[in-house]
Amino acid sequence: MRKLSCKYCGNKEFYVLSVNETLCKCGMRLKKFSDYHTERDAKWEQLFRKEQKRKAELILKISLLTREIDGCLDNRDEPRFQELTEELKTCWRALHIGRNHSEKV
Ligand SMILES: [Zn+2]
């Protein structure tokens with residue numbers, strides 16, 4: 001059986017009032033299954049947040065790289081330009097893989 005916790009406060013201890021009703025420490029009466037949070041939901045939420053953070057970091061890196069690449073073009077610094085475009089490609093790939101993985105259609 002999956003561990004359940006209160007949707008409102010996250011508490012895992014309940015007072016059982018009747019077969020379909022429990023009372024949480026926060027004072028909420030939990031009647032429906034949707035009043036609870038399952039462990040799986042919490043885990044999924046955590047993964048989702050991690051993924052959002054990863055994407056935000058990649059997007060930031062991409063914008064910094066793009067700016068630096070522009071600078072290389074101005075200074076005609078070709079070795080650095082090559083290096084940065086490779087890094088940029090890697091970032092785009094990482095961003096794409098993440099998106100395809102989480103938003104399968
Ligand atoms: Zn509660």
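What spacing do the donors of the zinc ion follow along the chain? They follow C-x2-C-x14-C-x1-C, where donors are N, O and S atoms within 2.8 Å of the metal (3.2 Å for Na, K and Ca), and since water is not among the atoms, sites may look incomplete.

This is a predicted model, in which local features need pLDDT of at least 70 and side-chain atom pairs count only at pLDDT 80 or more, while totals for chains, interfaces and linings use all residues. Residues are numbered from 1 along each chain as its sequence is written, and side-chain values use heavy atoms, with hydrogens and water left out.

**Zinc site**

The protein donors of the zinc ion are the SG atoms of C6, C9, C24 and C26, which lie 2.2 to 2.3 Å from the ion. Because the four donor atoms subtend angles of 102 to 117 degrees around the zinc ion, the arrangement is tetrahedral (four donors with all angles between 85 and 135 degrees). C6 belongs to strand β1 (residues 4-6) and C26 to the loop between β3 and β4, so the pair ties together parts that are 20 residues apart in sequence. The table gives the burial of these two residues, where buried means under 20% relative accessible area, exposed over 50%, and partly exposed in between (1.4 Å probe, protein chains only).

| Residue | Relative accessible area | Class |
|---|---|---|
| C6 | 0% | buried |
| C26 | 39% | partly exposed |

**Secondary structure and sheet**

The chain has two helices and five strands, taken as DSSP runs (helices H or I, at least four residues; strands E, at least two) and numbered from the N terminus; from that terminus on, the elements run β-β-β-β-β-α-α. Three strands form an open sheet in the order β2-β3-β4, with antiparallel pairing, where two strands pair if DSSP finds at least two bridges between them. β2 (14-18) and β4 (29-30) stand at the edges with a single partner strand each, so one side of each is left without a neighbour in the sheet. Four bridges join β2 to β3 (residues 21-24) in the antiparallel sense, and the bridge partner of Y15 in β3 is L23.

Leaving aside neighbours within four places in sequence, C72 is in contact (heavy atoms within 4.5 Å) with D77, R80, F81 and L84.

Conventions: Four donors count as tetrahedral if all angles lie between 85 and 135 degrees; four count as square planar and six as octahedral if opposite donors are over 155 degrees apart and all others between 65 and 115; anything else is irregular.
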